[in-house]
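Colleague: I am new to this structure. Please take a single part of it and go through that part closely, piece by piece.

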Amino acid sequence: MEHQSTFVNWFRNSSPYIHAHRNRTFVIFFGGNAVTEPDFDNLIHDFALLRSLGVRLVLVHGIRPQIDEQVTGHGNTPQFHHHLRITDATTLQYVKQAAGLVRVEIEALLSMGVSGSPMAGAKIRVASGNFVTAKPLGVLDGIDYCHTGKVRRIDAQAIHQQLDQQNVVLISPIGYSPSGEVFNLSAEEVATEVAIALQAEKLILLTEQNCVSPSDNGPIQQLTTAQVSALLEDAPTVPDEVARSLRAAMQSCEKGVQRAHLINRHVDGALLLELFTRDGIGTLISSTAFETIRPATLDDIGGIMELIKPLEQQGILVKRSREKLEMEIGDYIVIERDGLIIGCTAFHVMNDGNSAEIACLAVHADYQKGARGNSLLEYLGNKAKTEHIHRLFVRSTQTVHWFVERGFAPCDIDDLPEPMKSAYNYQRNSKVLYKDV
């Protein structure tokens, strides 16, 4: 029964993310190393699950180890400069072979539908094509990169057409010129440019290791693009593979992609844990702060109601109807964490214009140890000063000490301004406190 309860709770908690991700465009990058692993089919199953949940899925794969195998197998040595492959005419043939082999293998795995397997009934259609126009990288530092290229243009319209037809789009790190030339491209660059061109909701980079802090080697949960830039500048010891993914994430978020994620592909189910749990398992990058305090909008009402419902049932908060919330939404402040409302409060200015009531202060149970209640209170204190409010009032039945510890003092009901005094519920017998700003 405990196992069943755990599953039910997990499934219920994942439902907001299922709704949030439906009909959204995700671009997922994974290197050629992933394709060679025996458990690669698990990753394919997770891709299929995302597609079944309504995610518009674009997959961009790498082929670096496959090219190296072809080069060394023919008795040659792979040539690189600044971590970019020098693609001469012979190597270009190996690039074409590697891209074709990997693409066919991925398509075959996505086509599985064996009864009893995770892919049963999936019926995934895969679309590949000449979506990437490229140009030669040219000569850098005196080195001619030959057939190594860079992205010139992404045919976003053609990709969207395939996604509109419920297809999974699979893109190899190969580009074509208008004159028919073929170029070997960086898979991270292709994924970045595709995400930007599509204005995808997410760019997901499956990495070979965790993104960790250079100072304590602990995992980094979230970064803004500014913090990524500082990390790459101040910590040159960041592994090259992680640094490439961080640059890709930073560039995509600076050019309109809402979120980028770095996820260690070696953790089984890491993709699902990152996308369908509150705290995830990887590193999230965004152009602005991952968690913000802001004024509420009508779109937040559902999230506010879900947040305060348990507290209303426990009698900690007075029950509020949806209609009342809609009428007073301009008074509400919320903490939003990656699209979810995890905290809220209300700031009702009294008729005298000199005082205000703090009401409905709530923080989700999973986030109550992060001083978010203090952050909401500080936000309201600054708001009071801005609006020339000199005294704050609060009514509480079970959190009196929390407010006292933050400078509030008890007062009598007769000291309350209207309409607080006339609306006072003697049955609840709330304690009344105040604080001068």
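**A sheet and the helices beside it**

Modeller: Helices H6 and H7 are roughly perpendicular to each other, because the angle between them falls in the range of 65 to 115 degrees. (On this scale, angles under 35 degrees count as roughly parallel, over 145 as roughly antiparallel, and the rest as oblique.) This is a predicted model, in which local features need pLDDT of at least 70 and side-chain atom pairs count only at pLDDT 80 or more, while totals for chains, interfaces and linings use all residues. Residues are numbered from 1 along each chain as its sequence is written, and side-chain values use heavy atoms, with hydrogens and water left out.

Two packed helices are described by the angle between their axes and the distance between the axes. For H6 (residues 156–164) and H7 (residues 187–198), the angle is about 80 degrees and the axes are 9 Å apart. Axes are lines fitted to C-alpha atoms, for helices over the stretch in contact, and angles run from 0 to 180 degrees between N-to-C directions. The names come from DSSP runs numbered from the N terminus: helices are H or I with at least four residues, strands are E with at least two.

From H6, the residues in contact (heavy atoms within 4.5 Å) are Ala156, Ile159 and His160; H7 contributes Val194, Ala197 and Leu198. Of the residues in the contact of H6 with H7, 5 are nonpolar, 1 is polar and none is charged. Here Ala, Val, Leu, Ile, Met, Phe, Trp, Tyr, Cys and Pro count as nonpolar, Asp, Glu, Lys and Arg as charged, and the others, Gly among them, as polar.

Next comes the sheet. Its 8 strands follow the order E5-E10-E2-E1-E13-E15-E16-E14, and the sheet is open with mixed pairing. Two strands pair if DSSP finds at least two bridges between them. Strand E5 (126–127) and strand E14 (222–224) are at the edges with a single partner strand each, so one side of each has no neighbour in the sheet.

Val126 has Val168 in E10 as its bridge partner. H6 packs on the sheet here and touches E1, E2, E5 and E10. The direction of H6 makes about 125 degrees with that of E2.

E10 (residues 168–171) is in turn paired with E2, over 3 bridges in the parallel sense. Across this pair, Leu170 in E10 is opposite Leu59. On from E2, strand E1 (residues 25–30) is also parallel, joined to E2 by 6 bridges. Leu57 in E2 has Phe26 opposite.

Strand E2 (residues 56–61) is mostly covered, with 6 of its 6 residues buried. Buried means under 20% relative accessible area, exposed over 50%, and partly exposed in between, with a 1.4 Å probe and protein chains only. In a regular strand the side chains alternate between the two faces of the sheet. In E2, Arg56, Val58 and Val60 point one way, and Leu57, Leu59 and His61 point the other; all of them are buried.

One more helix belongs in this picture. H3 (residues 40–52) lies across E1, E2, E10 and strand E13 (202–207), and it runs at about 175 degrees to E1.
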